[in-house]
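Trainee: I have a model open and would like to work through it with you. Shall we go from domains to helices to charged pairs?

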Amino acid sequence: MKNLEKLLSELQVQKLQTQTRRHFLMDCVSKVGGLALAPLLFGCEIGKNGQAKDGLNLSERDLNPLAPLPPPFAGKAKSIIYLHMAGAPSQLELFDFKPELAKLHDQDCPESLLEGRKFAFIRGVPKMLGPQAKFNQHGQSGAWVSDYLPHFSKVVDEVAFLKAMHTDQFNHGPAQLFMQTGSPRLGRPSLGSWVTYGLGTINQNLPGFVVLTSGGKTPDAGKSVWGSGFLPSVYQGVQCRSKGDPVLYLEDPSGMSRDLKKKVISAINQANQEDFESIGDPEILARINQFEMAYRMQIEVPEVMNINDEPDYIHQLYGTQPGEESFANNCLLARKLVEKGVRVVQLYDWGWDTHGTDKDGSIDMGLRNKCRKIDRPMSALLLDLKQRGLLEDTLVVWGGEFGRTPMQENREGKVQGFKGRDHHVDAFTMWVAGGGVKKGASYGITDDFGFSGIDERTSVHDLHATLLHLMGFDHEKFTYDFQGRPFRLTDVEGELIRKIIA
Amino acid sequence: MIDFVFPLFGRFHPILVHLPIGILLFGVVLVFLSKKRETAHLQSIRLAFLLGGLAGLLSSISGFLQYQYEGFAWDSVQFHFILGLTTTAASFWLYYELRKNAAFPDHFRLKSSALVVLLMFTGHLGGNITHGETYLIEPLPTGIQELLGYSNEEAKGLVLPVQGWEELAYFEQVVQPILNQNCKSCHNPRNKKGDLDLSSYETLLTGGEDGSILTGGNSEASALFSRLILPKDDEDHMPPKEKRQLQKEEIELIKAWIDLGGKTDSKLGDADIHAELLEPFFEKVEIPFYPNVSVAPLSEEQLKELKANGFFAELVEKESSWLMVSCVNFPQFSESDWAKLKIASQQIAFLDLSGTQVTDQILDSIQTLPNLTVLKLNQTAISGEKLGELQSISNLKNLYLNQTQVTLEQLRPLQNHPSLSKVFVFDSPASSEESNASFSFVLEKGNYQLPPLPTDTIVY
């Protein structure tokens, strides 16, 4: 108690010392203006029901922004694992089998495909590039999968393919933003943020939305792809480090026992509490909650983020090597997190941008190597979720931000040293599996060259609408008021893809 | 040469109509501001009714031209037009009365009030034509809308029965519902875009401004079909690209109907179509996952109490009584804590006791949850000897016993459980037992492997 008093008086003194006449005048200027502005910008400060927060009528959500909320309807899925292949893998070497394209290999691209189109790097008339993989049908569903993904071909009956996805952004950053936030420009909340905002989190000792990256780099669009946009920032993804300590400073500093730390936190919280009682700003309560959650996370996070204690056969299944930064480790972590009640786990794997400018970026070599690093882990993830019964209510999504051209890339009009494909917005493949998804389904058909979808085309908004539906939301009604109007993840578009819903 | 003048003038109707409204209202306001014998405003009032009448005349003419050139049906505009002319005539009449007398004629306030009512009603009808009948209803709360007799249901589209679809009247019960959902909003008796009305077979036969749209037996030659399959960017593509597009199955059905002759007496079964094509339209009977009985929901205080006791507790959906309860943050939960759950014994539909301290005794308590649908007992000391007690929970669907000591033999008493559909026993003695035993539910043993492949180690 004595400590607390000391702390409080110190706070008081510091406050007084830092408040000068200049501060007062500055405050006058900014706050009078602010007063006038407040009603104009009401979108930012008004509670969910349009009533101003008055500090007295606080909901559970005001105190703990991650408190659970019921979904509008009972969605089949309670959590999502999203595997984003940053850089965009080639659908033509993995899932979209185009024998006709092979016949055109090395011929000039037909004029009709180029007319009125813009590509990121292709200039002039490029050559067509036939599929560089061998395809076979697999499973009961007869899904086409290439020999680039031999393990995945054994679990195809668990997933539903979207084979005529399309987007409208041909550069990585905007396309990734579009895929994750529903808008190619900055400022919108990511899918994971929307879900966490709408449902809160199950495990109060863990973040609701965790992000793990592999492949050596974070996505081109930066951290905004898991940002919370205009939603309160507690709903943004919490990026855990993929190597070493998952979250920094979780370990107790040397010489400081956990008890001492607990004392410090409770003293800070008490000080904050008094501050709240005098000012009434609910942000202070949220801060108190954050401190408490940080303390609880300290106990739970190291345990859940530690894959060393998993049995050998699980490590063999995923192909994990503890201590490394790898997609395999992240897949195993994703399962552990979801098992422990984390709402959204987002995995980004960088290195899929196969232009053919070097060996690593080649369709026939680099892409194969890259596939090897995800083939076993993602297949293992599906099987592991299935055997634990977690696939019943966990949604797994896989895909890049766009597809790749059926043409060989020819940047600056030159032939590349390696086989590569340019960015392509008109057709690419994604797959979803788990909670509420129809197993073994395939939706969407592309033309003979895999250039564009000719039937059952799926836009990014359609995908978002469907994912939200599976989580229990009507994407048209799930809105957040900002700057005077309600915003949706799907903007004014998006139709449910009923054919992949079980 | 001056063909454009009339249609152009017609298009000024929406602006012109506001003139009589404003001018006449102003005149009537002056009438009410004047005392009975006071004549100060008389000049202005006369002028107002004269100008109002003239503006009304211009409005009526432009309105008539708009009706002529913009494809409005007479049915939809007739009352608006007649009332518009009446309003115009009434203003001239009032002007005439005022000119005749140096003071206010008898009952002038009453007469001008009647003019206002007429004016308002005419304006309202006009608004309905422009914005639609439900323009003023839409913003109202749903409750009030229903009270007024408006339901929000849109045209539902095609729904077919799984059994006996062959006998459906092809046009009346298949094609017309498709047209209703996709075409009718622009092609109906009130709003005949392209002079085409698709609300009945007769009007469909009549065709539109380009003539017939149906050539029985030849779908390619029938605009009813051929315009559906034009590229979306084509100007003639229907429905317009910003509108909802027909599903390919719907287009197939229309094509098959035309090829069959395009008559009203054919049956759906007459056409050469497979049930697969109809799959998207079959009525789906949704069996709810959680019990289909009604139970009073927990009060907010009771829910708070559960949460305060350390449980994760939340409704499975808004407006539902069913509760999902988890001990994810309450690992020390044991039998002695059961009393804390008792208030929700009717409502708990999803119970996750994974990783807690419970033993077999907990099943005695669990069987008192009549509506339990999902039960998770992963990573507990459950040995399985009391699993038979779950037989009495007639809603139980998914049972999780991963990482417990359960054996196959102990699952035997659950055989023929009325609702149980999946049981998970991964990483338990039951998962490694070799047995040919078959169960009435899906038994997920797990132990999946992905055997190493030679390609696993090749690096290109």
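**Helix packing and salt bridges**

Mentor: This is a predicted model. In it, α4(B) and α5(B) are roughly antiparallel to each other.

Trainee: What is the angle between helix α4 of chain B and helix α5 of chain B?

Mentor: Helix α4 covers residues 42–69 of chain B, and helix α5 covers residues 74–100. Their axes are 8 Å apart. An angle over 145 degrees counts as roughly antiparallel. The packing angle here is about 155°.

Trainee: In which hand does α4(B) cross α5(B), left or right?

Mentor: The contact of α4(B) with α5(B) has 16 nonpolar, seven polar and two charged residues. The crossing of α4(B) past α5(B) is left-handed.

Trainee: How far apart are the C-alpha centres of domain 1 and domain 3 of chain B?

Mentor: Chain B is divided into domain 1 (5–147), domain 2 (165–281) and domain 3 (300–444). Between the C-alpha centres of domains 1 and 3 of chain B lie 72 Å.

Trainee: How many salt bridges are there over all chains?

Mentor: Side chains of opposite charge can pair when their charged atoms come close. The cut-off for a salt bridge is within 4 Å, nitrogen to carboxyl oxygen. Over all chains the count is 34.

Trainee: Which residue of chain B meets Arg376(A) in a salt bridge?

Mentor: Arg376(A) lies in helix α13 (residues 366–387) of chain A, and its partner lies in the segment after β7 (442–444) of chain B, so the pair joins two chains. The N to O distance is 3.4 Å. The partner is Asp456(B).

Trainee: Is Arg376(A) buried or exposed?

Mentor: Buried means under 20% relative accessible area. Arg376(A) has 11% relative accessibility. Asp456(B), at 23%, is partly exposed. Arg376(A) therefore counts as buried.

Trainee: Which residue of chain A forms a salt bridge with Lys248(B)?

Mentor: Lys248(B) is in helix α11 (residues 248–259) of chain B, and the pair crosses between chains to strand β14 (residues 453–455) of chain A. The closest N and O atoms are 3.2 Å apart. The residue is Asp455(A).

Trainee: Which residue of chain B meets Lys248(B) in a salt bridge?

Mentor: Lys248(B) is partly exposed, with a relative accessible area of 38%. The N to O distance is 3.8 Å. That partner is Glu249(B).

Trainee: Which residues are linked with Glu310(A) in a network of salt bridges?

Mentor: This network is made of chain A residues. Linked with Glu310(A) are Arg335(A), Lys336(A), Glu339(A), Asp384(A) and Arg388(A).

Notes
Residues numbered from 1 in each chain as written. Chains lettered and ligands numbered in written order. Predicted model: local features only at pLDDT ≥ 70, side-chain atom pairs only at ≥ 80, totals over all residues. Heavy atoms only, no water. Domains from an automatic or database assignment. Axes fitted to C-alpha atoms, helices over the stretch in contact; angles between N-to-C directions. Helix = DSSP H or I, 4+ residues; strand = E, 2+ residues; numbered from the N terminus. Parallel < 35°, antiparallel > 145°, perpendicular 65-115°, else oblique. Left-handed = near helix turned anticlockwise from the far one by under 90°. Nonpolar A, V, L, I, M, F, W, Y, C, P; charged D, E, K, R; others polar. Salt bridge = Lys/Arg side-chain N within 4 Å of Asp/Glu carboxyl O. Buried < 20%, exposed > 50% of the residue type's maximum accessible area, 1.4 Å probe, protein only.
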